[in-house]
Amino acid sequence: MNTGSGDAELEQILEGIGPRLRRLRRERGLTLKALAATTGISLSTLSRVESGKRHPTLDLLIPLARAHHVALDQLVAAPASGDPRVHLRPLSKERGSVLVPLTQYPGRVQVFKQVLAPREPEPVTHEGYEWLYVLAGRLRLILGARNFALLPGEVAEFDTTEPHWFGPADASAVEILHLFGPRGDQVVVRAGPSTTDPAPNSPSTPRRR
């Protein structure tokens with residue numbers, strides 16, 4: 001049994017985690033102090049992990065993956081060298097929905113393609129900013145007390161600290177591109193939900209620019 005090559009491969013994987021964590025933190029504009037406050041991991045430990053002086057354990061990687069909004073395997077395995085393609089791995093979600101990550105190592109903005117199956121609205125709030133682009137079907141968007149219906153080719157953007165929910169506007173699934181960024185990241189071009197096919201009880205007149 002040849003264990004030498006396996007040990008060398010493992011060592012190479014472990015050595016790559018620190019630089020990857022440092023890059024993710026810098027892309028998100030976080031200091032080590034801010035990351036320590038978010039994860040509960042000491043500043044000195046974070047510094048040693050990022051510099052490669054300490055190999056991270058699972059109890060360190062899990063809170064770091066959560067803080068950077070990435071899957072655990074994205075911290076451990078780097079993409080193929082020289083290959084810029086994103087190898088899509090659809091993830092089946094609850095109630096028949098499907099999520100396809102379109103970025104391998106999300107930094108400031110994460111991009112997904114989603115197929116959303118019909119479900120009951122459950123508005124939520126969290127830090128960040130979101131953009132939704134409808135590819136197929138009709139999307140219902142709830143923002144606070146307002147309701148909108150978006151058709152294919154239409155876009156909505158909103159601050160996620162406002163109670164919100166989005167899903168199919170009828171009994172059929174809807175397919176969207178979904179971009180999520182930290183609070184404060186916004187795009188320049190704005191398009192509003194349809195003015196010709198609003199969802200019930202919609203008091204707002206959407207805008208286009």
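Me: Is R25 buried or exposed by its relative accessibility? Please go on from there to the salt bridges.

Reply: The model is predicted, so local features need pLDDT of at least 70 and side-chain atom pairs count only at pLDDT 80 or more, while totals for chains, interfaces and linings use all residues. Residues are numbered from 1 along each chain as its sequence is written, and side-chain values use heavy atoms, with hydrogens and water left out.

R25 counts as buried, at 8% relative accessibility (buried is under 20% relative accessible area, exposed over 50%, partly exposed in between; 1.4 Å probe, protein chains only). E50 is buried too, at 4%. A salt bridge, meaning a side-chain nitrogen of Lys or Arg within 4 Å of a carboxyl oxygen of Asp or Glu, joins R25 to E50, with the closest N and O atoms 2.7 Å apart. R25 lies in helix α1 (residues 4-27) and E50 in helix α3 (residues 43-51), so the pair ties together parts that are 25 residues apart in sequence. Helices (H or I, at least four residues) and strands (E, at least two) are DSSP runs, numbered from the N terminus. R22 is linked with R25 and E50 in a network of salt bridges.

By this rule the count is five salt bridges. Among them is K113 with E175, whose closest N and O atoms are 2.8 Å apart. K113 lies in strand β3 (residues 110-116) and E175 in strand β9 (residues 174-181), so this pair ties together parts 62 residues apart in sequence. K113 is partly exposed at 31%, and E175 is partly exposed at 22%.
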